[in-house]
Structure formats: structure tokens, C-alpha cells
Amino acid sequence: MDDPKNIFVLTGAGVSAESGLGTFRDRGGIWARFDPMKLATPEAYAADPDTVLDFYDHRRRGVVAAAPNAAHAALARAEARLAERGGRLFLCTQNVDDLHERAGSRAVVHMHGELLKARCTACEAVTPWRDDLNRASACPACGIGGRMRPDVVWFGEMPMHLAAIEDALAAADLFVAVGTSGAVYPAAGYVRQARALGISTCEINLEPSDNADAFDDARYGPASTALTGFLADLGL
Ligand code: OAD
């Protein structure tokens with residue numbers, strides 16, 4: 001496609017795989033080793049908060065120790081170059097890490113929340129959080145202890161920023177999904193929404209995703225090279 005002006009990019013765990021953060025559904029992935037129903041639901045947190053908080057503590061430490069890779073950098077560069085051309089790159093991520101931001105992306109919409117933030121279930125204040133969370137952790141806003149949880153979306157909860165995402169999708173002339181298996185809705189449905197709106201679609205992944213047949217175009221390979229090459233071909 002020639003010179004798209006408004007690109008909607010949806011990223012998933014595959015974008016952070018080369019930074020050493022595990023994906024969910026690949027062989028040996030997080031959900032192959034752990035039961036999401038026991039770790040990533042409000043019911044699991046209510047029944048066994050220590051186990052749930054430990055799981056996210058472990059992942060938070062991994063995020064803090066990780067560094068962005070070439071795919072994150074390419075997206076940050078493309079955002080800046082597209083803005084120079086008077087266009088816009090809307091970056092919607094399912095990832096709860098901060099590697100897009102650390103690579104320089106300015107506007108990142110985290111539809112599944114952010115691991116480096118904690119939310120108080122007593123007053124709903126959201127606070128930047130880099131340390132472990134435990135049942136004694138107190139909310140800096142209201143002072144109540146024992147009610148802090150990671151500010152991430154669990155199964156059975158509503159993803160965040162859905163209205164802004166729908167608006168950006170409707171305004172896009174190119175939809176690109178990178179490193180996502182297409183297994184979790186609503187994100188998995190965006191390619192078909194884009195197609196229905198007449199927007200060009202491309203998937204960039206290590207291998208065809210569950211949704212591969214819904215895309216117009218595809219580039220297969222590690223995101224660090226496949227995405228970088230795709231954006232370079234667009235002059236971004
Ligand atoms: P998945 O683990 O389901 O899919 C990761 C995708 O990335 C797979 O299709 C891999 O083939 C691909 N992949 C792996 N390494 C790659 C690389 N180096 N370059 C390019 N692609 C690569 O992760 P998501 O689709 O992000 O939600 O999962 C969606 C949601 O399910 C997550 O946000 C999380 C999870 O349960 C919640 O926890 C609510």
C-alpha cells in the first residue's frame with residue numbers, strides 16, 4: 001500500500017518475545033505452564049490473593065529487567081516519521097509491559113492495563129508501581145492497606161479504552177497486527193472490523209495466527225526483522 005496516513009497497530013506478546021518476556025500460547029508459553037483461571041481472574045484474586053500477587057510480582061520483575069527490542073524501536077520511529085508527514089500511528093497494545101514507551105513511543109493505549117501500575121480496590125486510585133505487591137501494601141492515595149492489585153485486565157473484566165480504540169480503528173487506512181495469536185477478544189475481532197470498514201490489513205507474526213485468513217497481507221518472521229522491514233517498505 002502507498003503512503004498510508006493513519007496506521008492502527010495492534011501489538012501482542014510476540015513483540016516483546018525477543019526482549020525475553022514470555023508469550024502466552026506458544027509452546028512452553030505462560031498459559032501452557034500456568035492455569036489462567038487460577039491466576040488472571042477476579043475470582044482467583046478473591047480466593048487466593050497471595051498466589052495471584054506472586055505471579056504478577058514475578059512478571060513485573062521480568063518487565064523491569066527487560067529492554068525494548070528492534071520491533072519496539074521501529075514502531076517508535078514510525079510514529080515520529082508518520083507525524084512528520086501529517087499522519088498518525090495509533091498504537092494499541094495487549095501487552096502490560098512498558099517496552100513501547102521505553103523505546104520512545106509517545107502514545108500507547110494499553111487495552112489490557114499496565115503491570116507497572118497498581119490499583120486500589122478501595123478508592124480506585126491508580127499509582128505507578130515497580131515493587132512487589134503484597135497483602136499489606138497500602139494505597140498511597142487513601143492509605144488503606146491490603147486492597148492493592150495490579151492494574152491489569154483479568155479474564156471476565158472489560159478491556160480498557162475501548163471507545164478510543166474503536167474511533168482510531170474507524171479513522172485508519174491501514175491495520176497491522178503484530179505478534180498476537182488472535183485468540184483473545186475484542187482485539188482478535190479488530191481485523192474483521194477493519195476489513196468491514198474497507199481498511200487494508202496486514203499480519204506480522206512468527207507464523208500464521210488463528211486469524212491469518214482474515215488478513216489481506218502477511219509477513220512471517222520475528223518482529224524485530226519482519227516488522228522493521230514492513231515499516232521500512234512504507235518509508236517509515
Ligand atoms: P499469545 O501468546 O496468544 O500470542 C503470541 C503470538 O506472537 C503468537 O501468534 C506467536 O506466534 C507470536 N510470536 C512469538 N514470538 C514472536 C516474534 N519474535 N515475533 C513475532 N511474533 C512472535 O499473545 P497475545 O496474542 O498477546 O491477556 O495474547 C493476548 C492476550 O492473551 C494477552 O494480552 C493476555 C493473554 O491471556 C490477558 O492476560 C487478559
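Ser16 is buried, with a relative accessible area of 2%, where buried denotes under 20% relative accessible area, exposed over 50% and partly exposed in between (1.4 Å probe, protein chains only). The model is predicted, so that local features need pLDDT of at least 70 and side-chain atom pairs count only at pLDDT 80 or more, whereas totals for chains, interfaces and linings use all residues. Residues are numbered from 1 along each chain as its sequence is written, and side-chain values use heavy atoms, with hydrogens and water left out.

Ser16 belongs to helix H1 (residues 13-17); helices (H or I, at least four residues) and strands (E, at least two) are DSSP runs numbered from the N terminus. When its neighbours within four places in sequence are set aside, Ser16 is in contact with Leu21, Asn69, His72, Asn95, Asp97 and Leu99, contact meaning heavy atoms within 4.5 Å.

Helix H1 also takes part in covering helix H10 (residues 223-233). The buried residues of H10 are covered by elements including H1, helix H6 (70-84), strand E7 (174-178), strand E8 (200-205) and strand E9 (217-220). Within H10, the residues Ala223, Ser224, Ala226, Leu227, Phe230 and Leu231 are buried. Just after H10, Gly235 adopts a positive phi of about 75°.

Strand E6 (residues 148-152) is mostly covered, with five of its five residues buried. Strand E4 (residues 113-120) runs antiparallel to E6 and is joined to E6 by five bridges; two strands pair if DSSP finds at least two bridges between them. Ala118 stands opposite Pro150 in E6.

The chain as a whole contains ten helices and nine strands. Its radius of gyration is 18 Å, close to the 18 Å that the globule rule gives for 236 residues, so the chain is as compact as a globular protein of that length. This radius is taken over C-alpha atoms, and the globule rule is 2.2 Å times the number of residues to the power 0.38. The C-alpha atoms fill a box of roughly 55 × 35 × 35 Å along the principal axes.

Buried residues make up 50% of the 236 residues. Among contacts between residues at least 6 apart in sequence, 64% join residues at least 24 apart. The chain exposes about 10800 Å², of which carbon and sulfur atoms supply 52%; accessible areas come from the Shrake-Rupley method with a 1.4 Å probe.
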